[in-house]
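Open the model in your viewer and colour it by chain.

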Amino acid sequence: MSERIVRPRADQESGGHLLEVRDLFVEFRTRDGVAKVINGVSYHLDAGETLAVLGESGSGKSVTAQAIMGILDSPPGFITGGSIRYRGTDLLTLPEEERRKIRGKHIAMIFQDALSALNPVFPVGWQIGEMLRLREGLSRADARRRAIELMELVKIPAARQRVRDYPHQFSGGMRQRVMIAMALALNPAVLIADEPTTALDVTVQAQIMDLLGELRRELDMAMILITHDLGVVADVADRIAVMYAGRIVEHADVHALYEAPAHPYTRGLLESIPRLDHKGQQLRTIRGLPPNLMRIPSGCPFHPRCPYARQECVDVVPAVHRLGGDRTSACHFAEEVLDGRI
Amino acid sequence: MFRYIVRRLLQMVLAFFGTTLIVYALMFAGQGDPIQALAGERPVSAAQRAYLTEKFHLDQHGVGGFFYRYADYVTNLLRGDLGESLTGRKIGDILAQAWPVTAKLALIGLLVAIIIGVTCGVVAGIRRGGVFDNATLVLTLLVLGVPTIVLAPLAQYLLGVKLSLFPPTAGADPSLYALLLPGIVLGCLSLATALRLTRTSVAENLRSDYVRTAKAKGLPTRRVVGVHVLRNSLIPVITFLGVELGNLMGGAIITEGVFNIPGVGFNLFRAIRTEDGPLVVGLVSVLVVVYLVSNLVVDVLYAVLDPRIRYE
């Protein structure tokens, strides 16, 4: 089964997308009720490109990634619909053992807080080498040698000396580099970076983003960059998917989206970026709070916060409007927003 | 680490002198006439009195005299001479007889706690909220709630007398088999605590971020749990078991009493009852050393297990 997956020939079967999430539904069943976390998310990723998934906390961006990886905590999380195709094979129908073999080897993931994401009681070299020993059958010595190479690849100074150090002995930025080295160990085709810079200082953020961009190019990976920071996205991503309340509300090329957003939520996000030429003015924000996922508003879930909301928005769930090419917007007035008429 | 150990050893010296001083003071300061106490109701001849006064330095009075006798005692102790009990037996000999019994008993108890407690704790932690978890929760609550003074005679009566699975009492120079039942009874309390500690620790660690990372690395579940989770979960458990070993080695007065086991606790209890001052002080002094050493070992072990702990 896994042999079939690695063969690129399978690409053709799904229209050439390396990874394609289609109509994904995820809910969290808790004691307090059912939270509809993902409500029909679709996106795709082609080889060698970077897709940014943007959204506030609780918009479902990380949960989608965990569903792709197959590491969703279940219970409480349940995938109730949709498909996740990797090179044409629906991952959701694979037996767990087959899925496990895809993790790390084909699709790897790095996490937000590298300090808690790394095991505190094992040296970093051991943790990087663990995958090589278990998945590739490398000897202890070879795994360490390879771990040092990987640490050098992600530009950790004095890698040879530091391979025996523990996670807490590294700085935040260096720890995230260790995470990246670990994710790259098996040469994955897809790297999912879940808010990789959120826990870091601003200067370190830039270094890590640069490193990720550089490595993606060098190793010819495709990358899904999950973030809530519009500023991080612009330089690295090719396309952006904006998520709100478990839906993709807008999907566009980076430049097109920055030029003219086609959804009021995206527009709100862009306007709430602090700008030097608006110095001294009050920072614009999106009023209100993200919805409670146990009680998602009727119609367009963004309507209680939308400055342009009308009766239609309260009553009818907006369809996904195609705006030419890959571009979509889930707004009743997508064209008007895009043209600036609203 | 080396400096830490040296510092801890120095602290141990202080703790040792402090404890023996207090125990020595408690045992002897309150006594009226130690020589008469020694002889009980019988009259003491002048020659005997003079001999004993000379031997125990009782001619020195007041606080100065007390410290003189204490210094004398400690000097002998450091030479390895624990002195004699009031009944004239060498305390060293009593210990040499009692200690192996207590040590066996303690190890049986600890093994029971490790094998059953930790294993069940891991299973309960993984299946938190399940039938097994709830069953062990109730059982451990029961064990923790029932005092040894009830549990020991109960086990002795049911398993020893009624069902005759084990010898009901151990007696002098007991076999390992005779120590099994008392060992299990003794280990029950540690078992219950170890189980609960392991369960909580495993359940907590299973939710942590590094488990998600380990899964994302494509590791099999048994490795994620067996290596990543277990290694972290056992840190507090091993610390607890180390301290517990120190406690168990100190002898179990009730268990040894009920099952008639001639261990340290048994001797200590008898010494206290018969007001045998030298024996009490001798036994306690050795207990203190055992306890201090086991605590030091636990602390060092803790640093070895958890690289984040560094004693500088």
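Predicted model: local features only at pLDDT ≥ 70, side-chain atom pairs only at ≥ 80, totals over all residues.

Is B:Y73 buried or exposed? Its relative accessible area is 12%, and the limit for buried is under 20%, so B:Y73 counts as buried.

Now show the helix around this residue: B:Y73 belongs to α4 of chain B, which covers residues 62-78. Next, display what B:Y73 touches beyond four places away in sequence: B:Y24, B:L82, B:V281, B:G282 and B:S285.

Move on to the interface between the two chains. Select the residues of chain B in contact with chain A; there are 20, and they meet 26 residues of chain A. About 2100 Å² is buried between chain B and chain A, with 61% of that area coming from carbon and sulfur atoms.

Zoom in on A:D73 and B:K215. Their side chains form a salt bridge, with N to O at 3.5 Å. The count of salt bridges between chain B and chain A is 3. Polar contacts between these chains link 13 residue pairs, with both residues at pLDDT 80 or more.

Finally, select α9 (209-216) and α10 (221-249) of chain B: each gives at least two residues to the side that touches chain A. Colour that side of chain B by residue class, and it shows 8 nonpolar, 4 polar and 8 charged residues.

Terms used: Residues numbered from 1 in each chain as written. Chains lettered and ligands numbered in written order. Heavy atoms only, no water. Contact = heavy atoms within 4.5 Å. Buried area = accessible area lost by both parts, 1.4 Å probe. Salt bridge = Lys/Arg side-chain N within 4 Å of Asp/Glu carboxyl O. Polar contact = N/O pair within 3.5 Å; in protein donor to acceptor, adjacent residues only side chain to side chain. Helix = DSSP H or I, 4+ residues; strand = E, 2+ residues; numbered from the N terminus. Nonpolar A, V, L, I, M, F, W, Y, C, P; charged D, E, K, R; others polar. Buried < 20%, exposed > 50% of the residue type's maximum accessible area, 1.4 Å probe, protein only.
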